[in-house]
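Happy to look at this one together.

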Amino acid sequence: MEICKRPQAQKPQPPPAPPSPPKPPKKPVSFSLHGESWEDEYNWMSQLNDKVAMRHMDVYMEQEEKYTEAVMSDTERLQSKLQSEIASRLAAELATPPLRWGPWLYYRRVEEGKQYTVLCRRLAKLNEEFISNKSPSSGFDFTSGKKIEQKLLDYNQEAERFGGYAYEELSEVSPDHRYLAYTMYDKDNDYFKLSVRDLNFGSLCSKPQADRVSNIAWAKDGQALLYVVTDNKKRPFRIYCSMIGSNEEDVLILEEPQENVHLSVRHTKDFQYLTVNVFSTQSSKVYLINAADPLSGLTLVWECEPNTHCIVEHHQGYLYLFTDAAMQGQPVDHHYLLRSPVTSSCIPRNWENVFANDQLLTIEDVDFCHSHLLLIVKDRQKYGLYSVSLPLSNDKVGGHLQEFNLQKLPFPDHVSQIFPGPNYDFNSSTMRFTITSPVMPDAVVDYDLLSGQWTIVQQQNLLYERTRVLYGSASSTSNSRIPNNLSENSAADESTWNDLSEYYACDEYEVPSYDGALIPLTILYSRHRKTNGENPGLLHGHGAYGEVLDKRWRNEMKSLLDRGWVIAYADVRGGGGGGRKWYHDGRRTKKLNSVKDYICCAKFLIEREVVQEAKLAGCGYSAGGFLVASAINYCPDLFRAAVLKVPFLDPTHTLLLPILPLTPDDYEEFGYPGDIEDFRSIRECSPYDNIRKDALYPAILVTSSFNTRFGVWEAAKWVARVREYSIYDPSRPVILNLTTDIVEENRYLQSKEAAMETAFLIKMVDS
């Protein structure tokens with residue numbers, strides 16, 4: 001008799017069968033143009049007015065949702081951990097830094113338990129010593145017996161007006177601080193609605209209240225408001241003037257019936273003039289309106305070729321024009337600054353160069369106050385911030401920038417961009433701006449142009465999980481004196497910046513593209529986790545609309561960096577930062593340059609053993625998704641995974657038969673289908689039309705939203721066709737993740753979506 005029986009070893013359970021991807025129905029539709037014919041078997045997905053097609057689409061979207069959940073089901077614990085990591089790093093500011101304008105400090109703050117912010121202000125003179133960035137509302141006016149804060153607009157209450165959702169696009173306080181004009185997104189009607197609130201009483205004004213508003217500008221010291229409305233295709237085509245408090249109808253100032261003309265309006269920094277920009281495919285024009293009498297008519301002050309940047313400012317009797325228009329009929333590769341007396345009667349108006357042309361030191365942006373001109377410049381690839389005293393002496397105008405009495409603000413290494421702040425107070429010599437870097441959280445800086453003193457008013461400190469509080473005498477840092485010339489004197493005290501370069505390295509390269517063009521490539525990695533040829537990597541790209549690739553530090557990327565990933569950024573042609581020619585060399589018929597630049601940067605990472613050969617992933621947002629998807633079509637074996645966020649994937653049908661409104665910028669970027677050369681380029685680069693048959697594609701996560709400019713059907717069509725054409729490999733799934741909300745307005749959704757994308761990359765590349 002057996003007293004003890006050895007237990008039988010249990011057989012390991014076989015892993016569950018991988019989920020099967022959905023297969024939507026195919027209903028081919030034929031198209032032809034310029035002698036070329038093709039079929040689109042998934043065209044039915046974009047037929048919004050076909051009820052049967054939309055029912056099929058709803059079923060298909062549910063299948064995609066279940067498939068994505070099944071593919072990612074084994075990462076639930078990882079996603080939860082990542083979401084906790086990412087959420088813990090989200091900037092925990094309870095308020096924006098107070099911004100002074102006249103006697104007031106304006107700021108936004110978050111109330112406990114509320115989703116949206118509250119716009120507030122307080123008088124700067126009351127208990128000034130207690131004013132802090134962290135809690136600008138703190139304090140009590142014992143003389144009046146009242147709390148010192150005034151609530152101007154509670155966006156939680158606005159959410160109740162707009163169906164539980166509050167997304168603001170424009171917000172402008174009148175120059176007399178009496179009114180607030182703002183536009184809120186009406187999700188049901190898909191447009192922005194204008195409202196004006198009386199800040200003395202907190203009530204909404206009876207007028208103006210307008211729909212489809214794209215621009216606003218105050219005039220007549222706050223007694224009048226100009227606003228631009230769009231047509232049904234979202235083209236800004238009418239400008240109205242509304243007299244606040246008047247019962248009279250709003251006056252139509254300008255209307256452009258032609259479909260290729262777009263309007264915008266803005267006020268100069270001193271509120272003395274309004275400028276109206278009229279852009280078309282034939283020209284760019286700027287008109288001037290006297291803000292004291294907005295109904296007095298428009299005066300043409302500038303006209304040039306189309307697709308140019310034209311901003312007009314006013315300072316002590318001179319108009320200043322910042323533009324990249326051609327000079328004497330010759331195209332230029334950079335912006336420059338002109339000026340002309342307001343009283344000039346010449347037709348056309350005479351403009352003079354403020355600074356002589358300098359190929360090495362280019363002006364990226366400008367800002368004005370009553371005493372100074374602020375210049376954001378780039379010396380080769382290095383950013384700088386310089387100030388010039390105003391008014392300019394006539395004997396210096398036209399001279400080289402180095403000849404002016406310049407003040408320079410010292411920066412830490414690897415600054416990727418500088419953004420001017422709102423700087424509403426024209427009479428203040430303190431200007432605010434934000435500097436970004438791949439190895440440093442964004443720093444909001446106040447710069448006193450008279451004294452040369454600068455203060456970091458807000459910057460997240462990830463090392464101590466806190467945020468700097470540097471407003472008020474009790475908590476301000478010791479300021480650094482700015483050298484009074486252009487030479488490289490003392491560097492900024494690095495201890496004043498929350499710099500992470502001790503832990504994360506940032507390397508910068510110039511990668512030769514297929515035609516010899518040198519493509520800037522920025523590489524970020526953990527100093528403690530880098531091993532040659534063994535690290536997984538993620539390559540970001542954009543390369544469109546002349547926009548600078550966003551290389552700022554992102555807290556969600558820390559989860560990848562700390563797991564040994566390399567994060568890289570390819571500044572391909574078509575993007576910004578390299579001059580006008582750099583942009584034009586990556587658009588329309590030259591769009592393929594962007595794709596080839598990106599591929600060359602990907603190969604560089606592998607050949608230099610920065611990234612392991614089988615562990616490279618790509619990432620692109622919107623037009624960047626177009627870039628990455630096109631690169632995958634050309635070299636599917638180069639990437640192990642990709643994340644495409646609300647991507648533009650079907651330019652042929654979107655540009656030829658637009659369902660959602662497009663802008664002239666979209667056609668100038670990707671081409672006009674009616675032009676045969678543009679059409680051929682569109683077809684050559686189109687991600688949807690060039691999917692490789694019988695090729696092994698990487699694992700791909702495509703995110704899309706019902707609120708995106710590019711319809712969700714683009715992502716759905718592309719995903720379906722990739723699965724159909726490519727070799728099926730369950731270890732390389734192509735999944736579609738849909739969201740119904742605008743993620744940027746919800747911190748929880750931000751961390752949740754980032755956690756899913758990060759978990760997808762780790763599972764597909766690094767597991």
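Below are some questions and answers on this predicted model.

Q: What makes up the secondary structure of the chain?
A: The chain comes to twelve helices and 42 strands.

Q: How much of the chain is made up of buried residues?
A: Of its 767 residues, 56% are buried, and the cut-off for that word is under 20% relative accessible area.

Q: Why is Gln417 called buried?
A: Its relative accessible area is 14%.

Q: Where is Gln417, and which residues is Gln417 in contact with, leaving aside its neighbours within four places in sequence?
A: Gln417 lies in strand β30, residues 417-420. Its contacts are Tyr383, Thr434, Ile435, Thr436, Val548 and Leu549, where a contact needs heavy atoms within 4.5 Å.

Q: Why does Asp58 count as partly exposed?
A: Asp58 has 49% relative accessibility. Exposed needs over 50% and buried needs under 20%, so Asp58 at 49% falls in between and counts as partly exposed.

Q: What gathers in the patch of negative charge on the surface, and which helix gives the most to it?
A: Asp58, Glu62, Glu65, Glu69 and Glu76 gather there. Helix α1, residues 51-71, gives the most, with four residues; Asp58 has its place in helix α1.

Notes
Residues numbered from 1 in each chain as written. Predicted model: local features only at pLDDT ≥ 70, side-chain atom pairs only at ≥ 80, totals over all residues. Heavy atoms only, no water. Helix = DSSP H or I, 4+ residues; strand = E, 2+ residues; numbered from the N terminus. Buried < 20%, exposed > 50% of the residue type's maximum accessible area, 1.4 Å probe, protein only. Patch = residues over 30% accessible without salt bridge, like charges linked within 9 Å, V, L, I, M, F, W, Y side chains within 5 Å. Areas by Shrake-Rupley, 256 points an atom, 1.4 Å probe, with all protein chains shown as cover. Salt bridge = Lys/Arg side-chain N within 4 Å of Asp/Glu carboxyl O. Lys, Arg positive; Asp, Glu negative; His and termini not counted. Charge placed at Lys NZ, Arg CZ, Asp CG, Glu CD.
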